[in-house]
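Me: I am new to this structure and would like to learn how to read it. Please take one feature at a time.

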Amino acid sequence: MSTPKRGKSLLCCVLISSIVSIFFTGCGGGTDDERPARTSVSGTVTYNGTPVEGASIAFVPVDQSNGRNANGLSNAEGLFQMGTFEGTDGVVPGDYQVMITKFETAETSEALPEDDPNYDPNPKPQPPPENLLPEKYASADNSGLTVTVEDGNEITDLKFDLQD
């Protein structure tokens with residue numbers, strides 16, 4: 001029969017072992033060697049011929065059971081690179097539907113202290129940010145944009161010219 005002190009020690013050891021195990025295992029979906037092969041994909045996003053800065057590009061696999069989502073963000077020239085697991089590590093080969101959004105950046109005001117004469121104890125809720133691109137591109141099913149990524153065939157000139 002174990003004593004309460006010994007039971008607590010055993011519980012503590014099990015807990016510490018579990019934490020150490022989780023720490024060394026990680027939570028990123030395995031090491032790069034265990035992840036599926038990826039192909040480099042980059043391109044440009046324009047809206048009515050003008051480069052779009054800050055557009056979020058998402059590749060949604062047509063075969064959800066076999067694919068992985070990939071994401072990218074365009075710079076001031078509309079250039080983007082796609083990544084699946086981290087940063088711009090490429091896209092798992094397959095067929096994808098594409099969605100592209102760009103939300104206005106909302107200015108967040110600092111909360112006023114209660115003793116400020118302009119303090120409002122019942123602030124109005126902020127409206128959600130507005131998508132600055134046509135709504136059809138915000139849905140992978142409705143955008144009409146598709147991409148096929150082949151294993152080892154790097155894509156460097158993908159062009160998405162969004163129109164009204």
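Reply: Buried means under 20% relative accessible area, exposed over 50%, and partly exposed in between, with a 1.4 Å probe and protein chains only. The model is predicted: local features need pLDDT of at least 70, side-chain atom pairs count only at pLDDT 80 or more, and totals for chains, interfaces and linings use all residues. Residues are numbered from 1 along each chain as its sequence is written, and side-chain values use heavy atoms, with hydrogens and water left out.

Me: Which residue does Asp-89 meet in a salt bridge?

Reply: A salt bridge is a side-chain nitrogen of Lys or Arg within 4 Å of a carboxyl oxygen of Asp or Glu. Here the partner of Asp-89 is Arg-38, with 3.3 Å from N to O. The two are 51 residues apart and link distant parts of the chain: Arg-38 is in the loop between helix 1 and strand 1, Asp-89 in the loop between strand 5 and strand 6.

Me: How many salt bridges does a search of the whole structure find?

Reply: The search finds 2. One of them joins Arg-35 to Glu-86, whose closest N and O atoms are 3.5 Å apart. This pair also links distant parts of the chain, from the loop between helix 1 (4-25) and strand 1 (41-47) to the loop between strand 5 (79-81) and strand 6 (94-101). Arg-35 counts as buried because its relative accessibility is 12%.

Me: How many helices and strands does the protein chain have?

Reply: Helices (H or I, at least four residues) and strands (E, at least two) are DSSP runs, numbered from the N terminus. The protein chain has 1 helix and 8 strands, in the order α-β-β-β-β-β-β-β-β along the sequence.

Me: Where does Lys-159 lie?

Reply: Lys-159 belongs to strand 8 (residues 155-162). At 62% relative accessibility, Lys-159 is exposed.

Me: What percentage of the 164 residues of the protein chain count as buried?

Reply: The figure is 26%.
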